[in-house]
Amino acid sequence: MRKLAIGMIGIGVGGAEILPAMESMDGIDLVAGADIVPTTLERFAARYPEAKTYLSAKDLCEDKNVEAVWISSPNRFHAEHAIMAAEHGKHIVVEKPMATNLADAMRMVEAAEKYGVKLLAGHTRAFTIPVRAMRKLIASGRHGQLRALNIWAYSDWMLRPRTPDELDIAQGGGVPFRQGPHQVDTVRLLGGGLLRSIRAQTGQWMKERAIPGYYSAFMEFENGTPATIVHNGYGYFIGAELVPWGEDKAVYTTQERLAIRAAMRAGVRDEAAEKQAIRIGGAREEDYFRGGARSSWVPEDMGLAIASLDRADIRQSRYGVYVHGDAGKQDFEIPGARETAIVQRRAELEELYASVISGQTLWHDGRWGMATLEACLAIMQSARERREIMLHHQVSVAEGYDAGLAIPGD
Ligand SMILES: NC(=O)c1ccc[n+]([C@@H]2O[C@H](COP(=O)([O-])OP(=O)(O)OC[C@H]3O[C@@H](n4cnc5c(N)ncnc54)[C@H](O)[C@@H]3O)[C@@H](O)[C@H]2O)c1
């Protein structure tokens, strides 16, 4: 099998989440890693002795053996690193959010086009199998027209260890920037992609975190379909509790959340050490990303999505989708949904591989990512200005996307 040689830029928590997926793919050769923290590079080298290590993204981009990069550096560097990679002829997967402003996102799109490389805006929960199955069911038209979309997420994002940039909105921090792309990507995927406008509010009510940990947004598609998305990252109620199989799937137990909150209030939490513990080789990396990597869906960071159609409500189930329709409530398992989370996280890599190696369409390209970023920015702008924001950079879901995914009734 032809291998695609990949280098990772920014080997942090997001990187630690995706490395096991890379390891598990025959078509991926992890040949390099770049990070500015020497300990992280040492740990990366210990795990991947064949791979080169670099203290700067530029040095990695100059490595002739690297064909593609996975950019999981902090948000403020996404544009700089992606453009640098494109200039060196590397294909790119960039973590969400694609950039911190639209001008940067446009420069990334233009650089990819100019240098003829693939740019994939990735790693959102819109790539999960239940969401993709929902999209195909909606697009099939067999339950009538899509009438409304509603997504609610209750997470502990604000309680997880954070670096200073994650708590600075100017650098792409906070729930709307960091978690917004999961729901916006999903809403856009399910509703066809073309949002018309957004009216939103953000919320910030935790003294120890001067950054929005909440948003609620009302969106309207070009065809008039309404959608709402809500994310509450304050960690009191956790969405995983909504399903019987979810309680032990949350990032923290209830007791851990109480302890974290108490430590933050007392000002005695060592977040830098806690965060390093979930990065590569850290004491908690294993139970976070590698050990009991679950397969079942739970309403975590992206939340519970419900699509209402003429003759059914459709939502995620443990291994697929529930269709609440004229035949009653049916639970359809979707092939692939029982695979471990590690395997399911390959989706972006598989899309990149198919595009670079087999010349297939890249569905989640830079313009798709830019449209999602535009909506996330509009959530914040609408909250600031207390008005509806019109969108101008939306793109539709490309014809033929996910043709290989089998859905009930096929
Ligand atoms: N899709 C997901 O589910 C998911 C999950 C976690 C993080 N992420 C994304 O990953 C990115 C990083 O977030 P994180 O939580 O992993 O933070 P992090 O701090 O753990 O990771 C960032 C890494 O980049 C390194 N770095 C910083 N500046 C650099 C530079 N100039 N060049 C090279 N490396 C540099 C840091 O040392 C660190 O190891 C963000 O874009 C975030 O949205 C995505």
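Domain bounds, as I use them here, come from an automatic or database domain assignment. I note at the outset that the model is predicted.

**Entry 1: domains.** I looked up the division of the chain and found domain 1 (4-125 + 342-366) and domain 2 (128-339 + 371-384). I find their C-alpha centres 23 Å apart.

**Entry 2: the interface.** I next examined where the domains meet: 29 residues of domain 1 are in contact with 28 residues of domain 2. On the domain 1 side, I recorded α1, α2 (38-47), α5 (102-115) and α12 (341-344) as the elements that contribute two or more residues. Helix α1 supplies the largest share of that side, 6 residues. By class, I list the residues of this side as 16 nonpolar, 7 polar and 6 charged.

**Entry 3: the ligand shell.** I then turned to the 25 residues around the ligand, of which Gly10, Gly12, Val13, Gly14 and His123 come nearest. Helix α1 (residues 13-23) gives the largest share of the shell, 3 residues. I record its classes as 9 nonpolar, 9 polar and 7 charged.

**Entry 4: helix α8.** I checked the geometry of α8 (residues 180-191): its 12 residues reach 16 Å from first C-alpha to last, close to the 16 Å expected at 1.5 Å a residue. I find 12 of the 12 residues buried, so the helix is largely enclosed by the rest of the structure. Among the buried residues I note the charged side chains Asp185 and Arg188. After α8 comes Gly192, with a positive phi near 100°.

Definitions and conventions:
Residues are numbered from 1 along each chain as its sequence is written. This is a predicted model: local features need pLDDT of at least 70, side-chain atom pairs count only at pLDDT 80 or more; totals for chains, interfaces and linings use all residues. A residue is near a molecule or strand if its C-beta atom, placed from the backbone, lies within 6 Å of it. Helices (H or I, at least four residues) and strands (E, at least two) are DSSP runs, numbered from the N terminus. The expected span of a helix is 1.5 Å times one less than its number of residues. A residue is buried if 20 or more other C-beta atoms lie within 10 Å of its own, exposed if 12 or fewer, and partly exposed in between; C-beta atoms are placed from the backbone. Two residues are in contact if their C-beta atoms, placed from the backbone, lie within 7 Å.
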